[in-house]
Amino acid sequence: MAELSQNISPDLSGLPVALGDIHAAADTIRGAVVETPCSYSRTLSNICGCDIWLKFENLQFTSSFKERGALNRLTALTPEERARGVIAMSAGNHAQGVAYHAKRLGIPATIVMPVGTPMVKVENTKHHGAAVVVTGATLEEAAAHARSHGEAHGMIFVHPYDDPLVIAGQGTVGLEMLKAVPELDTLVVPIGGGGLISGIGIAAKSIKPSVRILGVEAWLYPSMYNAIHDGNLPARGDTLAEGIAVKSPGKITTEIVRRLVDDIALVNEAELERAVATLISIEKTVVEGAGAAGLAALMSDTSRFAGQKVGLVLSGGNIDTRLIASVLTRELAREGRLTQLSLDIPDRPGQLAAVASLLAEAGANIIEVSHQRTFSDLPAKATLLQLVIETRDSAHLDEVMAKLGASGLSARCT
């Protein structure tokens, strides 16, 4: 990540959204959307060497900030437009925001979601009363279907980010953060299509021109980074941060980001997983990959934020429980607390007990045991012993491996 610049005289003229629009959006959504906590994290601050406040947008009713923009847009519809119904495309969070508030307002809603959308998001959207169509390999393909279907049936298309009313709604996050913590000097915000960071950027730079805005994208989907830096990094693959897996950012949002955002950081999958696991273990809060992107950027390059007062937006918390389990166990493996070992041992009585005894003496806990006699290239009188063991940390693992080696066992981490 490049050094953060500090644009203390941002040009806010001519933008499609102004601070007044964001204040109006705040009045519109007040009482129907949660004003979420913006709380100081003592432990994360100690870990990262800066003062960190967390904006818990994962505590919205639909577990995402997307409610704000969706409600602001839906409220602006005329009675005739409401009767025609709305259609939206979304990887999940915008879908739930539109579905939930459309039902509250008595507006028929159809949501088009790309194939591969986490099941929790699909099911929640259905539970909120919307008709759901799952089609398209990407968000862009889902959008094309949504537009054509909407035009054919006279529906109003509710864009997830490239709409001034949606941007204004998302900007209320910035209003609340600076109201709660006026001394913030850096805001770290995930970027998908750019609606959230555009709204926050306008709100924050209008109120406090010296504030720094850092956007964060997944390495696998650096679309806004490419747009701002005239880059051509590829956008592809499955990311934990599917909520910001956007190949083409908005036209409106790209211009706002170009003028108001100081820098964009890219984070890899391991960094995203670490951030999700850290928020669960330290803050006891469940955040999806996109929502953890800000902390991932912070933890991957702490020196860039040293001594600063940083606000992180935990933008959403919709993540499958199975995926949470996978993320947590993978993080345990990276920390050296969960390890798979392979040992070649003689196939005779007492060998497994001897290995188990050595591991017990070393303070390691055996989680799983597997003997492989058939599908192995070992001699017929040998067997492949595979173990999953639990240790305190990587240093303890090194001690365990040394003890096994000293006993004449050839053990390897696999």
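Reader: How many cavities of 30 Å³ or more does the structure hold?
Author: The structure holds 2 cavities of 30 Å³ or more. On a 1 Å grid over the protein atoms alone, a cavity is a set of points where a 1.4 Å probe fits but cannot get out, whereas a pocket is an open set with protein on both sides within 12 Å along at least five of seven lines, and lining residues have an atom within 4 Å of a point. Grid points are joined across faces, edges and corners, and a volume is the space filled by probe spheres set on the points. This is a predicted model, in which local features need pLDDT of at least 70 and side-chain atom pairs count only at pLDDT 80 or more, while totals for chains, interfaces and linings use all residues. Residues are numbered from 1 along each chain as its sequence is written, and side-chain values use heavy atoms, with hydrogens and water left out.

Reader: What volume does the largest cavity have, and which residues lie nearest its centre?
Author: The largest cavity has a volume of about 310 Å³, and of the 28 residues that line it, Phe65, Lys66, Gly192, Gly243 and Ile244 lie nearest its centre. Two elements give two or more residues to this lining, namely helix 5 (93–105) and helix 9 (195–207), with helices (H or I, at least four residues) and strands (E, at least two) being DSSP runs numbered from the N terminus. Helix 9 gives the most, with 3 residues.

Reader: What classes of residue are in that lining?
Author: The lining of the largest cavity has 13 nonpolar, 11 polar and 4 charged residues, where Ala, Val, Leu, Ile, Met, Phe, Trp, Tyr, Cys and Pro count as nonpolar, Asp, Glu, Lys and Arg as charged, and the others, Gly among them, as polar.

Reader: And which residues line the second largest cavity?
Author: The second largest cavity, with about 40 Å³ of space, is lined by Glu271, Arg274, Ala275, Leu295, Ala296, Met299 and Ser300. Helix 13 supplies the largest share of this lining, 4 residues, and helix 12 (269–283) also supplies at least two.

Reader: Switching to pockets, how much space lies in the largest one?
Author: About 470 Å³ of space lies in the largest pocket, and of its 22 lining residues the closest to the centre are Val115, Gly116, Gly237, Asp238 and Glu242. By class, that lining has 10 nonpolar, 5 polar and 7 charged residues.

Reader: Which helix gives the largest share of the second largest pocket's lining?
Author: Helix 8 does, with 4 residues. The second largest pocket has a volume of about 260 Å³, and its 13 lining residues include Ala26, Arg30, Glu35, Glu176 and Lys179, which lie nearest its centre.

Reader: Which residues touch the most other members in the largest nonpolar core?
Author: Of the 37 residues in that core, they are Ile52, Leu54, Leu272, Leu279, Leu298 and Leu312. A nonpolar core is a set of buried Ala, Val, Leu, Ile, Met, Phe, Trp, Tyr and Cys residues joined through side-chain atoms within 4.5 Å, and buried means under 20% relative accessible area, with exposed over 50% and partly exposed in between (1.4 Å probe, protein chains only).

Reader: What is Leu54 in contact with?
Author: Leaving aside neighbours within four places in sequence, Leu54 is in contact (heavy atoms within 4.5 Å) with residues including Pro37, Leu44, Leu279 and Leu312.
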